[in-house]
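Trainee: Can you walk me through this one? I'm new to it.

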Amino acid sequence: MSFQAPKGVKEYVPPQASTFYAIRAAFAETARRAGYSYLETAVFEDTQLFARGVGESTDVVSKEMYTFTDRGGRSLTLRPEFTAGVLRAVLEHGLHRGQLPVKVWTDGPVFRAEAPQEGRYRQFYQLDLEAIGSEDPAVDAETIALAWQWYTTLGLTQVRLLLNSLGCRECRPIYRARLQEFLRALDLDEATRARIEINPLRVLDDKRPEVQEQLADAPLIGDHLCAGCKSYHDRVKQLLADLGIPWEDSPRLVRGLDYYTRTTFEFDHPLLGAQSGIGGGGRYDGLSEAIGGPALPGIGFGLGLDRTVIALEREGVEPATPARCEVYGVALGDEAARAMFTLVNDLRAAGVAADMAFGGKGLKGAMKGADRSGARFALILGERDLAARAVQVKDLTTADQTEVPLAQVVDVLKGKVQ
RNA sequence: GUGGGUGUAGCUCAGUUGGCAGAGCACCAGGUUGUGGUCCUGGGUGUCGAGGGUUCAAGUCCCUUCACUCACCCCA
């Protein structure tokens, strides 16, 4: 075959795809129980939405966007993250005119033009949850708790929660200036020196040991929070403690998107190597204004599905997936195949997961298919059975076989598989 | 974008100083035309990632390229 998926595009096929689907379904349940509604937003947006929302100075916007011009000459960009688009949709459809906070979630593919490696793809998948319109530490704690609950539900035990506050429009500028002053005195390469002027907080995130050494005495945002931010942050931590959710204070956690304010968090997994961040998010109180909306605070997160799947593999956890087939039809001969087709359809209508052998397979091949389908029961129907208006029901786990009248077989199986 | 590693069957991988492409698992057929999973017999299912070069001869050596992967960077 002369085609393959574009570079860096992660695909999920059976059987692994069932895990992928199952963990999304688990999140849907987690979000539903907490009063979050599902919404589906544009996969591509006006390029300016991301430039203004995420920030021109970020790596995501400056060098990782898939941007193209459509036939009308508009500049469009495949979403590199969810928050800006979700907020845009909430404002556009006026959801914020109702009761606040607006609590929504969505999921789907996200795109960034990066060099792919394990856990980092050009088309990857995120779950996104946002609570828009309330400035309340309980909302911050709720979002974090929901992500935590999801990881727990999946069976992950090694996820770490890193927590920080980035301050607000009052205290952050003062800290920022102080930090710049400190950083300018260091011995750093040109790219990093440029970053000092554009987004100095991100220099703190540098992983290079020679940089980290110099940062040992760097001023920390935690020591410069205003009274409001300080008490807000303390309250968030108090509520997390009430829920028994452990976190690590991470005074240098900055994250790459410009819109974050106050509460900022990241979920890390120790078994993932360099791409250890499996989820992250934070508060974005200025984002709405930045994209031309009203003052509207918000908080939310993105959870990486791809990295979560890897984390599950590394921890050796296999989320339960629903049985794909409970009853498998094996027919001998044309007339029996016709009757079986109807029977399988009736079983499905009655809520029983049913499949049958296709392609005119012989008995042996069809039975093999029954075995591989994972079905508990095989239904065997031949000329003799048709004449007797009955079907052979074979329990594949015990090899016990009984004859059941055709008219009763749906009800009988319905009882057996429950 | 920058460095390193790896590309051989559906999967995991062997393949010597260049000399007829292999193993296990999976898959297909038969043993058994009314019985799967066990067992027995048979079958290799392949553009050795792709393109070019050296050579009597290339999976093996050289060049280019693509993909994956690890790290930087970045973040989910």
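Mentor: We'll take the RNA strand, then a pocket.
Mentor: This is a predicted model, where local features need pLDDT of at least 70, side-chain atom pairs count only at pLDDT 80 or more, and totals for chains, interfaces and linings use all residues. Residues are numbered from 1 along each chain as written, chains are lettered from A and ligands numbered from 1 in written order, and side-chain values use heavy atoms, without hydrogens or water.

Trainee: Which residues come nearest to RNA strand B?
Mentor: Glu118, Arg195, Arg255, Gly256 and Gln401, out of 48 residues around RNA strand B. "Around" means a heavy atom within 4 Å of the strand.

Trainee: How far is Gln401 from a base oxygen?
Mentor: A polar side-chain atom of Gln401 sits 2.3 Å from a base oxygen of RNA strand B.

Trainee: New topic. How much space is in the second largest pocket?
Mentor: About 340 Å³. That volume is the space filled by probe spheres set on grid points, joined across faces, edges and corners. A pocket is an open set of points on a 1 Å grid over the protein atoms alone, where a 1.4 Å probe fits, with protein on both sides within 12 Å along at least five of seven lines; lining residues have an atom within 4 Å of a point.

Trainee: What lines it most?
Mentor: α10 gives the largest share of that lining, three residues.

Technical notes:
Helices (H or I, at least four residues) and strands (E, at least two) are DSSP runs, numbered from the N terminus. A polar contact is a pair of N or O atoms within 3.5 Å; within protein, one must be able to donate a hydrogen and the other to accept it, and residues adjacent in sequence count only if both atoms are side-chain atoms.
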